[in-house]
Amino acid sequence: MALLPDVIVEEDRTTDPLVIPTAWTDQSSRFRSGQVRYGRQRQLNKTQPGYASVKMNNQDRGLDPSPTIHPTNHFRLRAVWSGTTYDLFRGFVKSRRQEWPARKDAISRVEAEDGFSLMARYDLEGQSIAEMSTGDHLAAVLTLYGWPPAGSVPPGKTWWRLGTAGFSELGTTTYLGESLESLDEGTSTIMATTLTGNLLDHLLNVAELTEGGLLYMGPSGDVIFKEPALPHQPSVAVWGDAEGEFPYHDIVMSDEDEAIYNDVRITRRGDSAISTAKDQTSIDTHGPRTLPISDTLFSTKAQADQHAATLLDRYKDPWNYPVRLVLRPSRDPNMWPLVLGMQLGTKITVRRRPPGGGDPIEVDSLIVGITYEIDPNGWQVTWDLEPTRVHEGYWYLGVAGMSELGTTTKLG
């Protein structure tokens, strides 16, 4: 078995941006190296558009700009390991840089961004939208924009019908179905409002600033919204430095003041009242540290009050947690399926046994950012993390260790 996955690089140069692409052209033989990044790096940061940078061989000038080879072409990067194909990135070409190192080689450097880059260039036009759940609101706004909804069928295709002539040649005359949305329902209700301003800013306001969840463009090109993680969700795997644990190459632990807030103030759009939550013990220990959040879209002030209390509980005390985990999967081929299939919002357990003895450090963490650095000589994968224990502490009926009211948990 190969020590490294095969890399597939493809472009669709004929399909419009807001149509599901199917006319992919394989450019894998030109691949030199690449980098992919999506998600966010720190707690309370907004998710950024995903990014890919790929160096391609252009000695035959086959990638020179032309009427069909241009910015906004569909672009995707995938990996194949042990017969399974994994999506790493799908988006749109942002630029093509022609480079001639040492005046002999010829490289086309493709810079691409995911669908968030399109949304960041569009302003909403004052449409009215009714009160609804977070997930329904996101779906409605994406539909107004023209984003292909769940169950969309590309032009020239129809649904697959088993055993029906002309409707059962999967991938030729028919289509099994592809969703460009994967949206949780959410736990909040979003107010009725008029849609104005930048589209991406609005979506992130709803999903992350108001709901406190995670919104990102998945590696297969779908908009994914995950509501806030629950602490009793299982950990996918243990990454540590002992036998029986998946090995990491490097780890960065941090105990920092940038994530300490003991005075949370939340305002809603069109409401001058402030939802406030403070912790005097933390104020006395660390000094007053205000977290102001404005223009949230909670339908009621009571929801804003609860969110302020939740944020205060998460951030009033400092945490020592892994902010970054660096992997080199070729050291352990069994890691590849996990690494290539990992998604943002996945819960993992990180263990570190520092020199000098004593108890190991163990923290359950969420993956909130992923970077792939791909080279023919090896891969490096970096996960940006945030601790799940800042989401813990509330009562979960029937969950051992989280349902002993007043002992291990609190009612809220």
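Visitor: Is Arg61 buried or exposed?
Guide: Arg61 counts as exposed, at 62% relative accessibility. Keep in mind that this is a predicted model.

Visitor: Which residue does Arg61 meet in a salt bridge?
Guide: Asp64. The N to O distance is 2.6 Å.

Visitor: And Asp64, buried or exposed?
Guide: Asp64 is buried, because its relative accessible area is 17% and buried means under 20%.

Visitor: How many salt bridges are in the whole structure?
Guide: A search finds 27. One of them pairs Arg30 with Asp60, with the closest N and O atoms 2.9 Å apart.

Visitor: Where do those two sit?
Guide: Arg30 is in the loop between strand 2 (24-26) and strand 3 (31-39). Asp60 is in the loop between strand 4 (48-57) and strand 5 (74-81). The pair links distant parts of the chain, 30 residues apart. Arg30 is buried at 15%, while Asp60 is exposed at 53%.

Visitor: New topic. How many residues does the largest nonpolar core have?
Guide: It has 45 residues. Those with the most contacts inside it include Trp239, Leu325 and Tyr372. Another core, of 25 residues, lies apart from it, with Phe116 and Met191 among them.

Visitor: Why do such side chains gather?
Guide: In soluble globular proteins, nonpolar side chains tend to be buried together.

Visitor: What is Tyr372 in contact with?
Guide: Beyond its neighbours within four places in sequence, its contacts include Gly34, Tyr38, Leu88 and Trp379.

Visitor: Last one. Where is Ser117 found?
Guide: In helix 1, residues 116-119. Ser117 is buried, with a relative accessible area of 6%. Its side chain reaches the backbone oxygen of Asp114 at 2.7 Å.

Methods. Residues are numbered from 1 along each chain as its sequence is written. This is a predicted model: local features need pLDDT of at least 70, side-chain atom pairs count only at pLDDT 80 or more; totals for chains, interfaces and linings use all residues. Side-chain values use heavy atoms; hydrogens and water are left out. Helices (H or I, at least four residues) and strands (E, at least two) are DSSP runs, numbered from the N terminus. Buried means under 20% relative accessible area, exposed over 50%, partly exposed in between (1.4 Å probe, protein chains only). A polar contact is a pair of N or O atoms within 3.5 Å; within protein, one must be able to donate a hydrogen and the other to accept it, and residues adjacent in sequence count only if both atoms are side-chain atoms. A nonpolar core is a set of buried Ala, Val, Leu, Ile, Met, Phe, Trp, Tyr and Cys residues joined through side-chain atoms within 4.5 Å. Contact means heavy atoms within 4.5 Å. A salt bridge is a side-chain nitrogen of Lys or Arg within 4 Å of a carboxyl oxygen of Asp or Glu.
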